[in-house]
Each structure stands twice: as C-alpha cells, then as structure tokens.
Amino acid sequence: MSKETVYVERCMGVNGLEKVILTEVRGFSAEVYLYGGQVTSWKNEHREELLFLSNKAIFKPPKAIRGGIPICFPQFSNHGSLEQHGFARNRFWTEDLDPPPFATNTTNKAFIDLILKNSEEDSKIWPHRYEFRLRITLGPGGDLMLTSRIRNTNTDGKSFTFTFAYHTYFSVTDISEVRVEGLETLDYLDNLKNRERFTEQGDAITFESEVDKVYLSTPTKIAILDHERKRTFVLRKDGLPDAVVWNPWDKKAKALSDFGDDEYKHMLCIEAACVEKPITLKPGEEWKGRQEISAVPSSYCSGQLDPQKVLQGG
Ligand SMILES: O=P(O)(O)OC[C@H]1O[C@H](O)[C@H](O)[C@@H](O)[C@@H]1O
C-alpha cells in the first residue's frame, strides 16, 4: 500500500517551539516556525537542504532565528526607530484559520496561513492596528511561495508606513563560486558606505568580500547560480521592487554570536524587499508582496556556464 502524503503536519520543533511541516507528493518539504512566521527549511526530493540555517541559530525568543526566511516588518534594517528589521521576526504568529480568499484559486494542498496582529505591547513602539497575513505554499514542483497581505486596521483614521523584506538565506556550496544574474548595471545603495548610491558595473555579480547592498528597482526575476552544485535558484517577486544582497564574510561573521566563523562560505542572502520607497497604507487599505523561489539544474536556466569548464567537461 502506498503511503499517503500528509501535506500539512503540525508538531514541536527546537525548544518546544511550534512548527508546521509542509510536504509535497514528490518529496519536497518545508518547515515553518510560528515563532517569527519563519521558514527554517526547504528541501528538495533528495532531501537536500536548499536554505541556510546556522548551526549556531538560537531558537529562543526574543532572538530571531539565524537563517531560513526571516520576515522584516515593519522596518527593514535600521531604517527607522524600531529594532533592527522590525519586530515580526521575533513575535509569535498564529495560524489563520479563516483567511480571506485569494484572487486566484489554486489547487495547492501544502500550505499554511499565518497571521500577526498588533498587540498592546507593540502599540507602544509602533502605534498602529494591522493584520499581517502570510501564506506559505509548497507547490507541486517544489517551489516555495510566500505571500504577504498587510492591512491597515487603524480606527483613528491614521495611515502607516513601513519597509519590508523576505530575508532569504540561500544555501550555497562555496560563495566564491556563486554568481547572481539579474542585478547587473542597476543602481544600489551600499550599506557599507553610508548607503551611498552607486551603479553596478560589469556583467556578473560574484563574491570575494563582505557585501551589503540594496539594489533598486530590480527586475522581477533574479537567478543565483551555484556552479559547484550545478544548481540555480530562481527568485521571482511581485510588489517588492528592491533586492538586498548580503554576505557578512569572515570578519563580520566572527562578530555574530549566532553564526559560525566559516558559515559565510555556504550562504548568500538575496532579499526581495521594499526599502527605498516605503509603503504607506490608509485605514482599510491592503498591500500585497510575493516571493517565489525554485531550484533547478544550472544548465536549464542559465545557458551561460563557463565555456572553459564546458570545453574541459568540468
Ligand atoms: O543580523 P541581522 O539583524 O539578522 O541582520 C543581518 C543583515 O540583514 C540585512 O541583509 C542587512 O542589509 C544587513 O545590514 C544585516 O547585517
């Protein structure tokens, strides 16, 4: 008798924190912690982990979990008076049992709806009422989709403004063998140079030192090529014009207490974001931001493998 797929399973994760495991028929899976509303794992049909999660990640509030896909809301980075990356990543989300319908109906079965609302405590630092609905879906082909719907439910007539990011940590074999496509020639703000604005030169983005840049008005599709593993991640986004690229490299890695000294070699953050032009919502208005990631064999998507290596059969 064939084992039936359990698409959504609720269980306990590290330190007794609640988590949800999504599984698809072909064997892909994803894990989501209610703490942070955070994806911490995304595996392909061979059970290979596709996201980076630090060996030193701390699963203990109020610390945010280092890795996976933290949600930065209502503030990205330190662009404002709130704590770094806002508070959504270290709050307990709840399951949204009756979410409003989506415009497009799909037949996906492996998904979970989460919700975060204002609390009395948070109102002291961010005096607004809101409903943040997050749907996390694992598609039949293994794609991981995150859809955020944020609604202003203020009753005092006030608008609110926020910045946002899906802070995705991709797992890569060797950062010095990784190339990012889709951000060439774009303008970016360099966080390592007081957010000064520059224009990207050259035709490929590769990595040989610390990087912390906010690329502006990027295309909706970005590819991350892991040459060594011959795997390409394709990130598609909607409603999120910017893309943050971050790798702490050796020195900054050492300064992070929840990050191994050498782990920077095996991760790259590419973050679908809205940073340069914050979003403002009037009471009753809703904003939607979507990210979809997939992992495909490199030759399929790029067609730009190193000719030298191709010739040598490497
Ligand atoms: O250490 P965290 O608060 O999680 O932030 C990690 C990183 O997130 C983003 O990528 C920012 O652009 C970086 O400046 C920051 O260092």
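Guide: Residues are numbered from 1 along each chain as its sequence is written. The model is predicted, so local features need pLDDT of at least 70, side-chain atom pairs count only at pLDDT 80 or more, and totals for chains, interfaces and linings use all residues.

Visitor: Which residues does UniProt place in the feature "binding site"?

Guide: The unreviewed entry lists R66, Q84 and R89. They are spread over 24 residues of sequence but cluster in space, the largest C-alpha distance being 13.5 Å. UniProt positions follow the numbering used here, feature names are shortened, and annotations may be inferred rather than shown by experiment.

Visitor: Why is R89 called buried?

Guide: A residue is buried if 20 or more other C-beta atoms (placed from the backbone) lie within 10 Å of its own, exposed if 12 or fewer, and partly exposed in between. R89 has 23 such atoms, so R89 is buried.

Visitor: Why is Q84 called partly exposed?

Guide: Q84 has 13 other C-beta atoms within 10 Å, and is therefore partly exposed.

Visitor: What is Q84 in contact with, leaving aside its neighbours within four places in sequence?

Guide: With those neighbours left aside, Q84 is in contact with S77 and N78. Contact means that the C-beta atoms of two residues, placed from the backbone, lie within 7 Å.

Visitor: Which residues surround the ligand?

Guide: S77, Q84, H85, N191, D212, V244, W246 and C269 surround the ligand. A residue counts as near a molecule or strand if its C-beta atom, placed from the backbone, lies within 6 Å of it.
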